[in-house]
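Here is a short note for a colleague opening this model for the first time. Please keep the structure in view while going through the points.

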Amino acid sequence: MTDDRTGDSIASAGNRSSRSDIGQRLSALASGSRFGRFVSVGVIGALFDVTTATVLRELGVFPELAVFVGIEISILVMFVLNDTWTFSGEGATGRFPMVRRLVRSNVVRIGGILVQLAVFRALYRVIAVDLTLVGIDGWFVVAKVAGIAAGMIVNYIAESLFTWRVHTTTGND
């Protein structure tokens with residue numbers, strides 16, 4: 001089938017549109033300022049994450065549980081910061097759309113959480129270095145930070161595409 005005005009086939013026009021959409025998505029993901037804000041928020045989240053998990057671990061909480069609680073605290077902190085700063089122009093406003101994005105953020109971050117937990121467990125349980133610093137299990141902290149770093153890219157891509165949908169121009173959340 002052809003478009004009478006241009007002589008182009010409808011299928012090839014659809015392919016150009018698809019390529020254009022992919023280009024827009026990649027451009028939105030590659031935004032240096034947005035990625036910089038995301039990383040800045042991630043540093044704050046990492047501080048909450050590592051501090052919470054380390055305090056819980058030092059209080060005798062099972063290491064993987066302490067890590068998971070730290071992750072969830074950081075997700076809540078980072079969501080608020082990302083929603084109000086990093087992605088402030090994206091998505092619908094109001095309480096219900098924000099709550100929907102918060103739930104979506106937790107679901108979307110499952111990939112990053114799994115990567116983070118896998119890296120933590122591999123380092124902490126498998127490699128298991130005895131490293132105590134000022135009475136704190138330093139290897140726990142090293143393994144935790146390595147997990148956070150590994151999960152960051154997964155989280156950035158997933159959050160950009162699915163929580164705040166930076167590739168759309170409709171203003172929907």
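1. Overall make-up. The chain has six helices and two strands. Along the sequence they run α-α-α-α-α-β-β-α. Note that this is a predicted model.

2. Burial and contacts across the chain. The chain has 173 residues, and 35% of them count as buried. Take contacts between residues at least 6 apart in sequence: 72% of these join residues at least 24 apart.

3. The α3 and α5 pair. Helix α3 spans residues 63-86, and helix α5 spans residues 110-127. They pack at an angle of about 145 degrees. Their axes are 11 Å apart. The crossing of α3 past α5 is right-handed.

4. Who meets whom in that pair. From α3 come Pro63, Glu64, Val67, Ile71 and Ile75. From α5 come Ile113, Gln116, Leu117, Phe120, Arg121, Tyr124 and Arg125. By type, the residues of this contact are eight nonpolar, one polar and three charged. Why might residues three or four places apart point the same way? An α-helix has 3.6 residues a turn, so residues at that spacing point the same way.

5. Glu64. Setting aside neighbours within four places in sequence, Glu64 is in contact with Phe120, Arg121 and Arg125.

6. Asp83. This is another residue to check in helix α3. Asp83 has a relative accessible area of 14%, so it is buried. Which residues does Asp83 contact, leaving aside neighbours within four places in sequence? They are Ser88, Met98, Arg101 and Trp164.

7. Trp164. This partner of Asp83 lies in the segment after α6. Trp164 counts as buried, because its relative accessibility is 1%. Now look at Ser105. Trp164 and Ser105 are 59 residues apart along the chain, yet their C-alpha atoms are separated by 8.7 Å.

8. Helix α6. This helix covers residues 138-163. Where is its kink centred? The kink is centred on Met152 and comes to about 35 degrees.

9. Ala128. Check the backbone here. Phi of Ala128 is near 40 degrees, a positive value in a residue other than glycine. Ala128 sits in the loop between α5 and β1; strand β1 is 132-133. Its relative accessible area is 45%, so Ala128 is partly exposed.

10. Val134. Here too phi is positive, at about 45 degrees, although Val134 is not a glycine. Val134 is placed in the loop between β1 and β2; strand β2 is 136-137. Val134 is exposed, because its relative accessible area is 83% and the cut-off for exposed is over 50%.

11. Where to look again. Finish at the kink in α6 and the positive phi values of Ala128 and Val134.

Technical notes
Residues numbered from 1 in each chain as written. Predicted model: local features only at pLDDT ≥ 70, side-chain atom pairs only at ≥ 80, totals over all residues. Heavy atoms only, no water. Axes fitted to C-alpha atoms, helices over the stretch in contact; angles between N-to-C directions. Helix = DSSP H or I, 4+ residues; strand = E, 2+ residues; numbered from the N terminus. Left-handed = near helix turned anticlockwise from the far one by under 90°. Contact = heavy atoms within 4.5 Å. Nonpolar A, V, L, I, M, F, W, Y, C, P; charged D, E, K, R; others polar. Buried < 20%, exposed > 50% of the residue type's maximum accessible area, 1.4 Å probe, protein only. Bend = angle between axes of the 7 residues up to and from the residue.
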